[in-house]
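Welcome! Please take a look at the structure below and keep it in view while you read. The notes after it will walk you through it topic by topic.

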Amino acid sequence: MESTILQREQSAALNKNEDRGGKYLVFQLGREEFGIRVLKVREIMGIQDITAVPQMPDYVKGVINLRGKVIPVMDLRLKFGLPEQEYTQRTCIIVVQVQGDAGRMLMGIVVDGVAEVLNLAAAEIEDTPDFGDGTATPYLLGMAKVKEKVKILLEIDRVLTSQDLHGLNDLMREVKS
Amino acid sequence: MQQQMTIGKKLALISAGLIVAMVLVGGFSIYNLVGLNKSTQHIVTDPLPGIARMAAAQTAAMTLRGDAWRHFAELNPSAKEDMERNIEQAKARVAKELQEYEPTITTAEDRALFGKLKPAWQQFVDAYPEALALSRAGKTGEASARWDANIKPRFDAARDLLHAEVDLNRKNGEADAAESQQTYGNTLWILGITLALCSLGGAAVAYVVIRGMNGTLRQAVTELSEGAQQVASAASQVSSTSLSLAQGSSEQAASLQETSASAEEIGVTAIKNTDTSKAMVADMQVARNIVAGVNDAIERMGTAVVAINGSSDQIAKIIKVIDEIAFQTNILALNAAVEAARAGEAGMGFAVVADEVRNLAQRCAQAARDTAGLIEDSVQKSREGKLKVDEASKAMQANVAIACKIGAQIDEVSLSSQEQTRGLEQIAKAINQMEQVTQTTAANAEENASAAEELSAQSETFKGIVDRLTAMVGGSEAANGHTSQIRYRASAVSSKRPQWQGEPSASPAALGKAQSHQPKSAKPGAPVVTAFASDKDFPLEEQFKEF
């Protein structure tokens, strides 16, 4: 299992410079703007009623019914350790397709607001700087410089740890069964 | 006690004492005179007639004896008859005297003696005719012998008793005379002593009283002269005071006239004030109406603002809907963009369209946001406006209240002004009265001045009287002393008050004024009497009046 992760890291590092250019969906979380690959996004929707599920971590808000499909919803603020905030009209759920070990799964992430779809050239993207304390930042794809501002590009597959995904998968299975 | 008695009382007392003494002496004299008279009367009525009768009886008895003897000696019968007649006459005489004497007997001794005499005489009378019969018969010797033997002792006894009667009566008369003498002597002594005592006592009392009176009078004169002087100085003071009073009264009259003019001006002002306040009341009513109208307008404005707020809320809702639609559109556009990206090259055109849609949605949202902001701003402002309107309404209501209050106060001011006008009329009346009083005071002051002049003159006259009295009471020495004293005091007073020189012409101006008001002959002497009556310090006022 560790070997597979290392391989992927290596392949990601190799493909970084070539693959990072493209279209990104930019959303807001707190005061910052984050970007994820458009191809990971399945749908954008306004906030909906979320059915809470017991015995879940606090950042897992529950599940929603997406046209007949029950998908888990995770609050990215809580996941990133930001203070919890009341959901507004602007709050959106971005349904992403996550590539986990147990295969692909759909998942909703709650963000403060969706901004735009941005076409970023590879030159506009820089690597994540080394923060110097050995903190592994595999969920960061890079930093996009747009109009004197920096947008953080997320590797959404890695934002959620495999453990989380396992838990979610188990949840999904239980829900399905 | 003596000091408090009046001269009249003293004199009356002395006179009464003297009269009482006189009456006592006179009564005593009369009493003694009556006693004397009684003694004399007794002498006249008792012993003296007794003596006379007894003497007459004795003489008759002796005549009878002599005739008897001659009868014995006579030879002639006719002569003997004459003699017998004589003897009968003598006997009748003796009987008559004895009979007359009997009722005059007063003493027991006399009565006893007379009781012896009467039978003795009767025995003699019974005996002697026997001898006479013998003699008539010519028996002279027998008759004589019979006389000597039988009748003579009886006659002697009767004669002795008659003697004794005479002696007794004489003795009684002498005793009465001695008693009278005694009474006379006593009376003389007592009268003399009483008269001397009365004279001495009267003289002493008169001396004391006159001395006291003299002293009192002297003191009175001294005090009188001082009083006269004081009256004169007081008169001059009164004169000067009256003058200043008159002057002050005229000044007061002038100020009163000024005051009256000022009061009239104030009255005019007060009337003007009243009119002004009435006009103010009317204006205030108008202002009150205007304020009420403004208040209504503000209330209407408030409702309008509320309506604006309602409309703004509706607009805000609509804009919210628009914003939601824009948001949804944006999300749709983004979804479209995602789908286009997923479609790759085939979705390139669609991506452009989606981008445009998204742009439109964003513009729409922006416009909605701007409008919402504007509407929000407008709502906020209208809310503020509402608040302001409320404040204005409150202020306006306060204004109305104040206007009402001011109206009431103006009414009060108007009433006060009217009262002030009335009060000023009263003040004007009072000032008129005061003017009259002041004029009366001035006239009175001038009259006072004239009275003071009169008083001064009267005090001068008074001084003359005092001098005469002084001369009368104490002679030239005392008079000189008093006058010198008066002069000394007068000079002292005149040094203090140069206007008073003891002359009636102290203030001729006042006198002239006074004469114009009151003639000098109107009340002569009246001010002097008033001055004395008012001078409580004068101690001998009553005595002097009686004097």
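Predicted model: local features only at pLDDT ≥ 70, side-chain atom pairs only at ≥ 80, totals over all residues.

Here is a short briefing on the two chains, their folds and the place where they touch.

The complex as a whole receives an ipTM of 0.80 and a pTM of 0.41 from the predictor.

**Confidence**

- Chain B has a mean pLDDT of 78, with 86% of its residues at 70 or more.
- One stretch to read with care is residues 476-547 of chain B, where pLDDT stays under 50. For this stretch the model has 96 contacts beyond four places in sequence.

**Chain A: overview**

- Chain A contains four helices and eleven strands.
- Of the 177 residues in chain A, 29% are buried.
- Take the contacts in chain A between residues at least 6 apart in sequence: 54% of them link residues at least 24 apart.

**Chain A: an open sheet of six strands**

- In what order do the six strands of the open sheet in chain A lie? The order is β8-β1-β2-β11-β10-β9, and the pairing is mixed.
- At the edges of this sheet stand β8 (113-120) and β9 (125-126) of chain A. Each has a single partner strand, so one side of each has no neighbour in the sheet.
- Inside the order, strand β1 (residues 22-29) and strand β2 (residues 32-37) of chain A pair in the antiparallel sense, with six bridges. To find this pairing in the viewer, look for A:Phe27, which stands opposite A:Phe34 in β2(A).

- Strand β3 (residues 41-46) and strand β6 (residues 92-100) of chain A are antiparallel and share five bridges. Here A:Glu43 has A:Val95 of β6(A) as its bridge partner.
- β6(A) also pairs with strand β7 (residues 103-111) of chain A, in the antiparallel sense and over nine bridges. Two places to look are A:Cys92, which stands opposite A:Val111 in β7(A), and A:Gln99, whose bridge partner in β7(A) is A:Arg104.
- Does β7(A) run parallel or antiparallel to strand β5 (residues 69-75) of chain A? These two strands run parallel, joined by three bridges. In this pair A:Val73 stands opposite A:Gly108 of β7(A).

**Chain B: helix α3**

- Helix α3 (residues 77-101) of chain B has 25 residues. From first C-alpha to last it reaches 35 Å, close to the 36 Å expected at 1.5 Å a residue.
- Which residues of α3(B) are buried? They are B:Met83, B:Ile87, B:Ala90, B:Lys91, B:Val94, B:Glu97, B:Leu98 and B:Tyr101.
- The buried residues of α3(B) pack against α2 (47-73) and α4 (108-136) of chain B.

- B:Arg300 is found in helix α5 of chain B. Why does B:Arg300 count as exposed? It has 11 other C-beta atoms within 10 Å, and exposed residues are those with 12 or fewer.
- The C-alpha atoms of B:Arg300 and B:Val389 are separated by 9.8 Å, although the two residues are 89 residues apart along the chain.
- B:Asn432 is found in helix α6 (residues 348-496) of chain B. B:Asn432 is exposed too, because it has 12 C-beta neighbours inside 10 Å.
- B:Asn432 and B:Gln257 are 175 residues apart along the chain, and their C-alpha atoms are separated by 8.7 Å.

**Where the chains touch**

- How many residues of chain B are in contact with chain A? Ten are, and they meet 14 residues of chain A.
- Helix α5 (residues 140-343) of chain B supplies the largest share of chain B's side, nine residues.
- By type, chain B's side divides into six nonpolar, one polar and three charged residues.

**Nonpolar cores**

- The largest nonpolar core has 52 residues. Those with the most contacts inside it are A:Leu25, A:Ile94, A:Val96, A:Val111, B:Ala337 and B:Val338.
- The largest share of this core, ten residues, comes from α5(B).
- Apart from this core lies another, of 26 residues, including B:Phe72, B:Ile87, B:Ala90 and B:Leu161.

Technical notes: Residues numbered from 1 in each chain as written. Chains lettered and ligands numbered in written order. Expected span 1.5 Å × (residues − 1). Buried ≥ 20, exposed ≤ 12 C-beta atoms within 10 Å, placed from the backbone. Contact = placed C-beta atoms within 7 Å. Nonpolar A, V, L, I, M, F, W, Y, C, P; charged D, E, K, R; others polar. Pairing = 2+ DSSP bridges. pLDDT = per-residue confidence, 0-100. Core = buried A, V, L, I, M, F, W, Y, C linked by C-beta atoms within 7 Å.
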